[in-house]
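Let us walk through this structure together, one part at a time. Please keep the sequence and the 3D view open as you read.

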Amino acid sequence: MYLSKTEAAVLPTTLLGAGRPAARRRIWPLLGPAFVAAVAYVDPGNVATNFSGGAAFGYTLLWVIVAANLMAMLVQSLTAKLGMATGRDLPTLCRERLPRSLTRLLWLQAEVVAVATDLAEIVGGAVALDLLFGVPLPVGGCITAVVAFVLLGAQSRGHRPFERVITGLLLVIGGGFGYTLVGAGVDLGGLAGGMVPSFDGPDSLLLATGILGATVMPHVVYVHSALTPGRYGDVVTAGRTAAGRRRLLRAQRLDVLLAMGLAGVVNAAMLVVAAQLFTGSADTGSLESVHAGLGDRLGAGAAAAFGIALLASGFASSSVGTHAGQVVMAGFLRRSIPVLTRRAVTLAPALAVLLLGGDPTRALVWSQVVLCFGIPFALVPLLWLTSRRDLMGGWVNRRVTTAAGAVVAALIIGLNLHLVADLLL
């Protein structure tokens, strides 16, 4: 999304020395890309994981959600900076700077990740429609795919309308789980205790590994880098000085802080609700049982709020996943296919699961396992590119930033390998 002429004209003076009240007013139009990325952190897979964690271990794993959110902030900040500094997205830069054979391998795994992403989102939306309106799962999957396609059509008028739609759905998700949180209440002592790193046996360690290991979704690393180029006006001029770069980065980091912060609060709310209502209960083995349990304990309103939040999550994350597929193909291969064709290809596995009567919650879990394999292919190139001064110029990572990113990447990759090994063996 390129800024309007008026916004582009005022940006340099706003970010490079305007008064603080005026700067705050002018910085709001620059927000949006991180809110699109944040949807991946509150997708249907996260819903199942967070409710399971709260039900099984109470507040014990709350600190894991906080740590996961901080890691997500760092990764999304780096990918946003890459797009802003270079004017190109991560897949495009990989194509330009890596061997052709490696680029094609990166594209192939990214397409597998896109299919796995769509599987989780379509299944989640189908389950929500079944819970709310009794729509059969295969029909609900088709409806979710169509709605996601319509939402993606907002991009025909630029990124800004699409970002507003996705942000609106993100707020619906937050509102739904916020409503259930108000009904469930909060144990302040448990909340404080949950912020202290600890585990409750090997099962809690495994679940914590799942929460941390599946923190960064590779498809939104690609998408976020594609949404920032061009939206900050004349970045080349504004970023020539150290002060100018700091102010531009401040706008981008504020976007990440607000969006990822909201996603983190929503995830924490899920775990708190489960800890308050379902601790020691077997009522959270599936999304359907969570919905039924909320209805029994808090009434029909809470169950409806859960269903609406899950539906918004499926719609929003599915449209973002389809957009990620477009970014991946255009960047790695410099090619594109009609969105409808892509929608049909990525929809097929999800519909197969629903038509064959597969367990939706189990399908969500295994889709996250597939996503685990895609994380190194996004994080390693991201760190490599943002640490190159010949590419980034004055925007290059500080050594401490690269070191922190390397630690986060190694931790996420290691935890994912551990999680996959446990699930397979």
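A residue is called buried when its relative accessible area is under 20%, exposed when it is over 50%, and partly exposed in between, using a 1.4 Å probe and protein chains only. T79 has 0% relative accessibility, so T79 counts as buried. This residue is found in helix α5; here helices are DSSP runs of H or I with at least four residues, strands are E runs of at least two, and both are numbered from the N terminus. T79 and L90 are 11 residues apart along the chain, and their C-alpha atoms are separated by 7.5 Å.

A word on the model before we go further. It is predicted, so local features need pLDDT of at least 70 and side-chain atom pairs count only at pLDDT 80 or more, while totals for chains, interfaces and linings use all residues. Residues are numbered from 1 along each chain as its sequence is written, and side-chain values use heavy atoms, with hydrogens and water left out.

Now to the empty space. Rolling a probe the size of a water molecule over the atoms shows where such space is left. A pocket is found on a 1 Å grid over the protein atoms alone, as an open set of points with protein on both sides within 12 Å along at least five of seven lines; a cavity is a set of points where a 1.4 Å probe fits but cannot get out, and lining residues have an atom within 4 Å of a point. The largest pocket holds about 780 Å³ of space. It is lined by 35 residues, and A48, T49, L207, G210 and V365 are the closest to its centre. Which helix gives the most to this lining? Helix α4 does, with 8 residues. Helices that each supply at least two residues of the lining include α5 (62-86), α11 (202-213) and α18 (360-386).

Helix α14 is also among those that supply at least two residues. Spanning residues 242-278, α14 has 37 residues and reaches 52 Å from its first C-alpha to its last, close to the 54 Å expected at 1.5 Å a residue. That expected span is 1.5 Å times one less than the number of residues. Just after α14, G280 takes a positive phi of about 75 degrees.

Next come the charged pairs. Side chains of opposite charge can pair when their charged atoms come close. A salt bridge is a side-chain nitrogen of Lys or Arg within 4 Å of a carboxyl oxygen of Asp or Glu, and the structure holds 4 of them. One joins R160 and E163 at 3.8 Å, N to O. Both residues lie in helix α9 (residues 159-184), 3 residues apart, about one turn of the helix. R160 is buried, with a relative accessible area of 12%, and E163 is buried at 1%.

Another salt bridge joins E96 and R88 at 2.9 Å, N to O. E96 counts as partly exposed at 41% relative accessibility, and R88 is partly exposed at 28%. D390 and R388 meet in a salt bridge of 2.8 Å, N to O, and R97, R388 and D390 are linked in a network. D390 is exposed, with a relative accessible area of 53%.

Key:
Grid points are joined across faces, edges and corners, and a volume is the space filled by probe spheres set on the points.
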